[in-house]
Amino acid sequence: MESIEEVKTLIGKAKRVCVLTGAGVSAESGIATFRGYSEEAGESLWSQYDPQQLASIEGFLREPEMVWRWYQWRRQVNQDKQPNPAHTAIANWQKAAKNSGQQEVSLITQNVDGLHQKAGSDPDQFSVIEIHGNIWQNHCLGCDKPYLEDVTGIQTVPTCQSCGGQIRPSVVWFGEALDETKWQVAETAAYCCDLFLSIGTSSQVYPAAGLMMLAKSQGAKVVEVNPEPTQSRVVDYQIRGKAGEILPKLIDY
Ligand code: OAD
């Protein structure tokens, strides 16, 4: 618990904070992580399903209906899920920092579930930077145009009204590039911060996992909140615990 007090002091002093969240921050909301096991959310997705089949363009082209239905299933599972105290603590922190004008708190998430926004983090894309996309959105594989129709309960792949292309979920799949603008904002936030918080991520997936190294290389202190050890090697303070229990202790808003 010593490190909690030390990190609270760091948080109090920091001028620019960069927060990176991963699937673990939503585990206590009942949303499955991709790797590892969580008490609240059970078995991880990639221990039960094949990411090559369900999270790659090759998989979608091979079996689009099956991939579409899997995302429809995930949407159904996620739709009633609520933010937990970790999401709320971060959202309140962002609001307080903005109001005081004394601190900048950038939030980068690898999650596609929208729970940071549900908790009140400003939906402006530069306040919650969703580098892996958003599971509630869709776009055309052919012409990239956003698909704005309600797809609730639709179990076959919709087609684009403009070009007839197949509609896909707007999440980043393995092998795909991240949105350039969002990535630049994320890199800048990591590069310029004096404190980097990595919360609920296994730090296995790049380029997101590299943000911590970037921050560290520029002199930032790096804090990790995770009940399990991870792949990260540049952490100054490791807080072993669940995000929903630790974050409200670190952040007094
Ligand atoms: P992972 O599923 O790889 O890792 C989740 C991490 O959360 C693990 O290190 C767990 O120990 C930790 N964890 C579990 N419960 C927690 C809790 N209550 N509080 C805090 N941490 C907890 O998730 P990510 O690192 O986000 O990509 O995965 C990165 C990317 O891999 C995802 O965005 C996804 C996936 O393939 C795409 O979909 C593109």
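Q: Which residue stands opposite V171 of strand β8?
A: In this predicted model, G133 is the residue that stands opposite V171 in β8.

Q: What makes strands β6 and β8 a pair?
A: Pairing requires at least two bridges between the strands. Four bridges join β6 (residues 133–140) to β8, and the two strands run antiparallel; they therefore count as paired.

Q: How many residues of strand β8 are buried?
A: Five of the five residues in β8 (residues 167–171) are buried, and the strand is described as mostly covered.

Q: Why is A243 called buried?
A: The term applies under 20% relative accessible area. A243 has a value of 5%, so A243 is buried.

Q: Where is A243 found, and with which residues is A243 in contact beyond its neighbours within four places in sequence?
A: A243 lies in helix α9, which covers residues 243–250. Beyond those neighbours, A243 is in contact with V25, E28, A86, I199, V225 and P248.

Q: Why are helices α5 and α9 called roughly parallel?
A: Their axes come within 7 Å and cross at roughly 30 degrees. Angles under 35 degrees count as roughly parallel, so α5 is roughly parallel to α9. The crossing is left-handed.

Q: Which residues of α5 and α9 meet, and of what classes are they?
A: P85, A86, A89 and I90 in α5 meet A243, G244, L247 and P248 in α9. By class, this contact has seven nonpolar, one polar and no charged residues.

Key: Residues are numbered from 1 along each chain as its sequence is written. This is a predicted model: local features need pLDDT of at least 70, side-chain atom pairs count only at pLDDT 80 or more; totals for chains, interfaces and linings use all residues. Side-chain values use heavy atoms; hydrogens and water are left out. Buried means under 20% relative accessible area, exposed over 50%, partly exposed in between (1.4 Å probe, protein chains only). Contact means heavy atoms within 4.5 Å. Axes are lines fitted to C-alpha atoms, for helices over the stretch in contact, and angles run from 0 to 180 degrees between N-to-C directions. Angles under 35 degrees count as roughly parallel, over 145 as roughly antiparallel, 65 to 115 as roughly perpendicular and the rest as oblique. A crossing is left-handed if the near helix is turned anticlockwise from the far one by less than a right angle, and right-handed if clockwise. Ala, Val, Leu, Ile, Met, Phe, Trp, Tyr, Cys and Pro count as nonpolar, Asp, Glu, Lys and Arg as charged, and the others, Gly among them, as polar.
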